[in-house]
Amino acid sequence: MKELRPFLDQLKVPAADESRRARALERSLVAFRNAPRMERKTHRAAWIFAAAAATACVGIALVLHGQRADSSARVFAELEHLFPGQLLAVVRNGGQTDVRLSAIPDPEISTDQRVRITVRSGGETTDILTYSGREVCVPLKSGPLCLTPLVTGEGDVLVLAGDNAFTRNGRIHSATIRATALTSS
Amino acid sequence: MPASDDDLSPLVHLAGRGDEAAFSELFRRYYERLRAFAWRNVFDSQAAEDIVQETFIRTARQMHALRDGRAFEGWLFRITANLSRDHLRSRVSHEKKIAAAAMESPGRQSELSPQVELALQSLPAAQREAVALVYYEGCNHADAARRLGCAEATISWRIMLAKRALKKFLKP
């Protein structure tokens, strides 16, 4: 990197906006006080998404009611329909459902292959619905775990997690992980 | 530009138990570093600040789940990197917008180095993240790998590719 250093040193990060920094701290503290049940979102647009996420929780509760785990593809499709281009992942742990939405709609999001990942760790089961190629981080009791599923040409799911990579089933520390591609509904 | 801070475990532990002062201290320690990291990925001041704010909000929500203080820093950078990628992914015609913004805001040019910025923008997001961590954050490849959640060899490979690409900008 030596020869590049003078070149890269020319890049100067613009000064921080102190009022935005103060606002970020204030909002983070609101989220901190309300953790883990509630979340206060960031900017004006995010308030809309917070409301949307709440709607999604109601929606998913309705969708999930009376349905079995093998209906994951349908659940995901329902939420995609509710939030076109915004759905990033649905994370279910115990009775809690976390619907993760993109702040800005991106038509490309929903073109990727859908994947279901089940993580079992320390007696808790976390169910993740997301897309191939998208990293999802989940807070386990043992610490956060980030996974990136990739659907192969053969329909298998390769899971990347840190230095680990495995197909379909694997184990990371104390967590067992199972990943399957969902068929589009 | 330390690659890693001193042991954060006590602070992380306190914050995990709901101590606001500890969380605020973590915010104070990492806000600027994360903002710089995000900016070097997205080259948009407001977006970088939004990304860091969202990083801390997500962190605040999940502090209680983090048991290992040593994982905290990597966690923050990984969330920031993911949000930066999301931001870039959602931007339509990113290069065009940057070019348009540069033309519309001549003042912006004076505070940046267009050539370096363009050079870094030309890199794929993964390589840019690696350069931001290894060069600007002062991480070694192993630290950068931990923060981005990939193998050390992957970082070395990305840096090698980035160097190759950036050298083209040095040629007259």
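A crossing of two helices is called left-handed if the near helix is turned anticlockwise from the far one by less than a right angle, and right-handed if clockwise. By this convention, helix 1 of chain B passes helix 2 of chain B in a left-handed crossing. The model is predicted, with local features requiring pLDDT of at least 70 and side-chain atom pairs counting only at pLDDT 80 or more, while totals for chains, interfaces and linings use all residues. Residues are numbered from 1 along each chain as its sequence is written, and chains are lettered from A and ligands numbered from 1 in the order in which they are written.

Chain A holds 4 helices and 10 strands, where helices (H or I, at least four residues) and strands (E, at least two) are DSSP runs numbered from the N terminus. Along the sequence, the elements of chain A follow the order α-α-α-α-β-β-β-β-β-β-β-β-β-β. Of its 185 residues, 31% count as buried; a residue is buried if 20 or more other C-beta atoms lie within 10 Å of its own, exposed if 12 or fewer, and partly exposed in between, with C-beta atoms placed from the backbone. One buried residue is A:Y131, with 22 other C-beta atoms within 10 Å. A:Y131 is located in strand 4 (residues 124–131) of chain A, and its C-alpha atom is separated by 7.3 Å from that of A:L88, 43 residues apart along the chain.

The two chains meet through 39 residues from chain A and 44 residues from chain B, contact being defined by C-beta atoms, placed from the backbone, that lie within 7 Å. On the side of chain A that touches chain B, helix 1 (5–9), helix 2, strand 5 (136–140) and strand 6 (143–151) each give two or more residues. Helix 2 of chain A provides the largest share, 9 residues. By class, this side of chain A has 21 nonpolar, 8 polar and 10 charged residues (Ala, Val, Leu, Ile, Met, Phe, Trp, Tyr, Cys and Pro count as nonpolar, Asp, Glu, Lys and Arg as charged, and the others, Gly among them, as polar).

Axes here are lines fitted to C-alpha atoms, for helices over the stretch in contact, and angles run from 0 to 180 degrees between N-to-C directions. The crossing of these two helices is right-handed. A:R21, A:L25, A:S28, A:L29 and A:F32 face B:E20, B:F23, B:S24, B:F27 and B:Y31 in this contact, which divides into 6 nonpolar, 2 polar and 2 charged residues.

Helix 2 of chain B also packs within its own chain. Its axis and that of helix 1 (residues 9–16) of chain B come within 7 Å and cross at roughly 130°. B:L11, B:L14 and B:A15 in helix 1 meet B:A22, B:F23, B:E25 and B:L26 in helix 2, giving a contact with 6 nonpolar, no polar and 1 charged residues.

In the loop between helix 2 and helix 3 (45–62) of chain B lies B:F43, which counts as buried with 21 C-beta neighbours inside 10 Å. Phi of B:F43 is near 55°, a positive value in a residue other than glycine. Of the 18 residues of helix 3 of chain B, 15 are buried, so this helix is largely enclosed by the rest of the structure.
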